[in-house]
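Welcome, and have a look at the structure below before reading on. The notes that follow take its contacts one topic at a time.

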Amino acid sequence: MARFFRTFPLIAALAVLLVFPMFGQIFYTELVAKTLILAIFAMSLDLLVGYTGLVSFGHAAYFGIAAYTVALLTPAGAVNSIWWILPVSVLAAALAALVIGVFVLRTKGIYFIMVTLAFAQMAFFLFHDTDLGGGSDGIFLNSKPTAHLFGHEILTFENPTHIYYLVLALTIFVYLSLRWLLKTSFGHILIGIRSNEHRMVAMGYNTFNYKLAIFTMAGGLAGLAGFLQVLLTGFVTPEMLAWHQSGNVLLVVILGGIGTLIGPVLGAFTFVALQEFAQGLVDRWQLVMGIFVILVVFALPGGLAAIPARVRRRLVKGAQHD
Amino acid sequence: MTERHREVFLEARSLSRHFGGLAANSNVSVTLRRGEIHALLGPNGAGKSTFINMLSGDLPPSSGTILLKGEDVSGLPAHRRSRIGIGRSFQRTNIFPTFSVQENCVLAAQSRQQQPGKIFRPPLHNQAVVDRSHEVMALTGLAHCGSQIAGTLSHGEQRQLEIAMVLATNPIVLLLDEPLAGMGADESSRMVDLLARLRRDHAILLVEHDMDAVFALADVITVLVNGELLESGPPAQIKASPAVRSAYLGEDEEIDHV
């Protein structure tokens with residue numbers, strides 16, 4: 001019964017998401033797709049921040065590197081298949097994370113935050129200040145990838161609804177894969193590292209290798225989000241790698257609940273909704289966002305994902321008083 | 001069997017460690033044998049923790065050699081020392097508070113099985129690791145609370161879990177940093193019993209302030225003062241030593257009433 005109450009809201013939300021494009025306008029379909037992409041991005045960051053205790057402040061680098069990989073591998077006139085451009089862009093992001101991880105994972109705490117930021121800024125300026133990717137203007141994607149299966153075109157990415165369903169399927173896939181991963185011994189080792197790295201070393205774990213493994217995986221997943229983003233918008237800009245972007249996704253994780261998988265998803269929906277709402281309300285929408293984040297951090301230390309547990313506690317307490 | 005015949009598991013030869021101009025340890029040599037509890041005594045700041053940290057690999061020695069069963073392990077990092085059989089427990093309890101007691105033991109035992117095929121599976125699906133967790137929980141008296149969240153255990157039980165986690169890694173050498181710290185009389189005597197049982201198969205280095213326990217358990221006692229080895233020998237010799245008495249000036253009452 002308890003299990004039912006926990007999974008029911010998830011199933012209901014999934015049902016709504018499945019039928020959503022049939023009722024909403026294209027604008028909203030794209031908005032929800034953008035939100036789900038942010039959710040994947042935030043889940044990947046939460047692997048580091050929430051599960052391993054690595055506060056990366058440069059996670060946008062991997063998001064952007066994958067997006068640029070797609071754009072740069074699509075010269076005018078070329079038509080790429082998603083079956084290779086998707087894995088290649090994800091691997092490019094993972095490879096960047098592997099190389100950067102070798103350096104940044106030798107630092108801890110505040111130094112780790114600064115060094116991840118520094119590497120991300122390097123990547124930002126690489127695309128911003130050179131002609132490699134169109135400079136500060138970025139570049140348009142010459143053509144969207146195609147998706148054929150057994151000679152049939154199964155999805156056309158000129159159609160936002162098709163992108164929406166691909167994004168939704170991948171969000172579910174990522175969520176379920178990570179849920180499985182975190183329940184394995186590997187997941188327990190990550191949590192052990194977050195909780196007490198010294199003890200993990202004393203028990204015989206070479207924690208550097210595990211941190212590098214998860215840093216690479218998280219980079220690859222951020223790359224998946226970057227790929228989907230460029231698929232949706234059709235262009236890339238250096239802003240995708242900027243530190244604002246790294247900061248935003250960190251906010252999404254904090255807002256939703258660090259160290260949970262559903263938290264980043266809730267955080268993404270709240271973040272985008274708030275952004276849309278506040279943008280329509282005032283010019284300085286960041287101000288509204290800032291106040292909201294401060295309120296959540298003070299009132300809900302566990303983020304939005306902690307609300308059900310709080311409500312349950314309140315109810316139990318209420319029942320005891322009766 | 002006399003002391004001379006017992007197998008040497010760990011040998012520290014003239015270990016020194018300097019922090020800037022301060023000599024935390026100078027030329028300390030200690031031999032740990034299977035079947036022996038070797039107690040390390042000394043006032044606060046004598047360099048006991050530095051010594052343990054050098055043996056466990058947490059601190060590289062400035063000079064000196066560490067041999068495990070005759071092999072030089074001085075250059076190995078801490079995680080490798082653990083893998084080859086040097087297990088340590090901590091003075092401050094160092095458990096994983098959000099995991100259950102069994103999950104703590106499983107995580108420790110899993111460190112011997114880090115192959116990818118064994119890591120990417122639910123921890124409780126690995127029978128060898130689960131079996132080991134049951135063994136060490138039974139050995140340390142935690143069999144009844146395997147599913148309890150470790151953070152909710154009493155202080156004494158957390159200390160027991162601390163030892164259980166070290167044992168789960170199958171060490172041959174145990175470096176125990178104040179295992180009795182903060183324990184009540186009952187818990188203390190249970191732990192003393194446990195240490196006496198562990199002596200049979202392990203070489204144990206025991207840092208402990210509880211003198212009753214030390215003199216009840218130790219086969220050999222080494223006294224450190226200001227980072228230097230003051231005296232080493234059987235408990236009777238240490239108790240009678242004028243040098244030890246004067247070093248423990250003000251604490252000699254404690255030794256007397258034993």
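Between chain B and chain A, 18 residue pairs are in polar contact, both partners being at pLDDT 80 or more. Please keep in mind that this is a predicted model. Let's begin with the interface of the two chains and then turn to chain B itself.

**Where chain B meets chain A**

- How many salt bridges cross the interface of chain B and chain A? The rule finds 1, and the side chains of B:Glu162 and A:Arg199 meet in a salt bridge at 2.6 Å, N to O.

**Chain B as a whole**

- Chain B contains 11 helices and 10 strands.
- Its C-alpha trace spans about 55 × 40 × 40 Å along the principal axes.
- The radius of gyration of chain B is 18 Å, which agrees with the value near 18 Å that a compact globule of 258 residues would have.

**Two domains within chain B**

- Domain 1 of chain B covers 1–85 + 171–258, while domain 2 covers 95–170.
- The contact between these domains takes 19 residues from domain 1 and 16 residues from domain 2.
- Taken over C-alpha atoms, the centres of the two domains of chain B lie 26 Å apart.
- The two domains of chain B bury about 1,300 Å² between them, with 57% of it on carbon and sulfur atoms.
- B:Arg83, B:Pro171 and B:Leu194 supply 34% of the area that domain 1 buries against domain 2, more than any other three residues.
- Between the domains of chain B there are 0 salt bridges, and 3 residue pairs are in polar contact, both at pLDDT 80 or more.
- On the side of domain 1 that touches domain 2, α2 (78–83), β7 (173–177) and α7 (185–198) of chain B each supply at least two residues.
- The largest share of that side, 6 residues, comes from α7(B).
- By class, the residues of domain 1 that touch domain 2 are 10 nonpolar, 3 polar and 6 charged.

Terms used:
Residues are numbered from 1 along each chain as its sequence is written. Chains are lettered from A and ligands numbered from 1 in the order in which they are written. This is a predicted model: local features need pLDDT of at least 70, side-chain atom pairs count only at pLDDT 80 or more; totals for chains, interfaces and linings use all residues. Side-chain values use heavy atoms; hydrogens and water are left out. Domain bounds come from an automatic or database domain assignment. Contact means heavy atoms within 4.5 Å. Buried area is the accessible area (1.4 Å probe) that two parts lose on being put together, summed over both. A salt bridge is a side-chain nitrogen of Lys or Arg within 4 Å of a carboxyl oxygen of Asp or Glu. A polar contact is a pair of N or O atoms within 3.5 Å; within protein, one must be able to donate a hydrogen and the other to accept it, and residues adjacent in sequence count only if both atoms are side-chain atoms. Helices (H or I, at least four residues) and strands (E, at least two) are DSSP runs, numbered from the N terminus. Ala, Val, Leu, Ile, Met, Phe, Trp, Tyr, Cys and Pro count as nonpolar, Asp, Glu, Lys and Arg as charged, and the others, Gly among them, as polar. The radius of gyration is taken over C-alpha atoms; the globule rule is 2.2 Å times the number of residues to the power 0.38.
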